[in-house]
Amino acid sequence: QIMHSNDGGKSWVEQYYFDSEDPIFITVEYIEMFDVNNGIALVNDWNNHIPMFFKTTDGGENWVQTTTEPIGISGDVWRRVDFVDINTGLTWVETNFDGSAQSLKCYDENFGIIADWGRIYRTLDGGNTWMQTDSVERGWGNDFAFSENDPSIIWFLADGLFFSSDSGLTWESCLVNNLRGVNALRFSQSSLWLFNRWGYMVKIDTDECSNYTEYHFPEHPVGDISVDFYFDVKGDVIVVPGFFNG
């Protein structure tokens, strides 16, 4: 399903339902709205191993399927697809990158960056050419985060947190990932947040990245909290999807 809220999330209405004889294998993996009308969604058909892209131009009242090119399932959901606007994204059109991307992030239609088993590659021409920028392997690539106003500043999460101040050409170690299971990054204003789906978040001091503050999700009488990978931060507001076990 794709759901919509027009009251700040207090209530939700179904906009689109992906019908299938075996609906458990039809999953919505990525959705991005660029304004109140225009958005795109990636739906994986796990039975046929075909990704389906859908586009809306009317705020989700209608979703139109735009392609079923057999480019392969987006294996790690949101980590392997990124759109910078309604027309431009990575994972849709085949590029000259022949590696295996665990995660990718676009700053704009030309500048993108990929992690391939800890090795970093970047493109400055929309994926036509890729250059490896760092040969030091860093384990599984979890996530990237660009500074909101400066593409030269990038954070990379793998077996630690790494920092680049030259658009990904060189990387410095910022924090050893001894916080087991740190999964995702979000940059908001002057704060960088690391997210762990097992119950805590870490706020990084971006002026001195070795300093951080750890926050644990509160215990709840309903049961243990199980949260998903994807979260979002806007200013002082943090939203984490999940459910209670128990």
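1. Strand β11, which spans residues 119–123, is joined to β12 by three bridges, and the two strands run antiparallel. Within this pairing, Y121 has Q132 of β12 as its bridge partner. The model under review is a predicted one.

2. The β11 and β12 strands belong to an open sheet of four strands, ordered β9-β10-β11-β12, with antiparallel pairing.

3. How many salt bridges does the structure hold? There is one salt bridge in the structure. The side chains that meet in it are those of D116 and R119, with an N to O distance of 3.9 Å. The cut-off for such a contact is 4 Å, and the value of 3.9 Å for D116 and R119 should be read with that limit in mind.

4. Nine aromatic pairs are found when the whole structure is searched. One of them is the pair of F144 and W171, which is tilted, with 6.4 Å from centre to centre and 50° between the planes. This pair links distant parts of the chain, 27 residues apart: F144 lies in strand β13 (residues 143–146), whereas W171 lies in the loop between β15 (160–164) and β16 (172–176).

5. Are F144 and W171 buried or exposed? F144 counts as buried, at 1% relative accessibility. W171 is likewise buried, with a relative accessible area of 9%. Both values fall under the 20% limit that buried residues must meet.

6. W171 also pairs with F156: the ring centres are 5.9 Å apart and the planes stand at 65°, so this pair is edge-to-face. Because F156 lies in strand β14 (residues 154–157) and W171 in the loop between β15 and β16, the pair ties together parts that are 15 residues apart in sequence. F156 counts as buried, at 0% relative accessibility.

7. Which residues do ring pairs link into a cluster? The cluster consists of F144, F156, F162 and W171.

Technical notes
Residues numbered from 1 in each chain as written. Predicted model: local features only at pLDDT ≥ 70, side-chain atom pairs only at ≥ 80, totals over all residues. Heavy atoms only, no water. Pairing = 2+ DSSP bridges. Phe/Tyr/Trp six-rings, centres within 6.5 Å; stacked < 30°, edge-to-face > 60°. Buried < 20%, exposed > 50% of the residue type's maximum accessible area, 1.4 Å probe, protein only.
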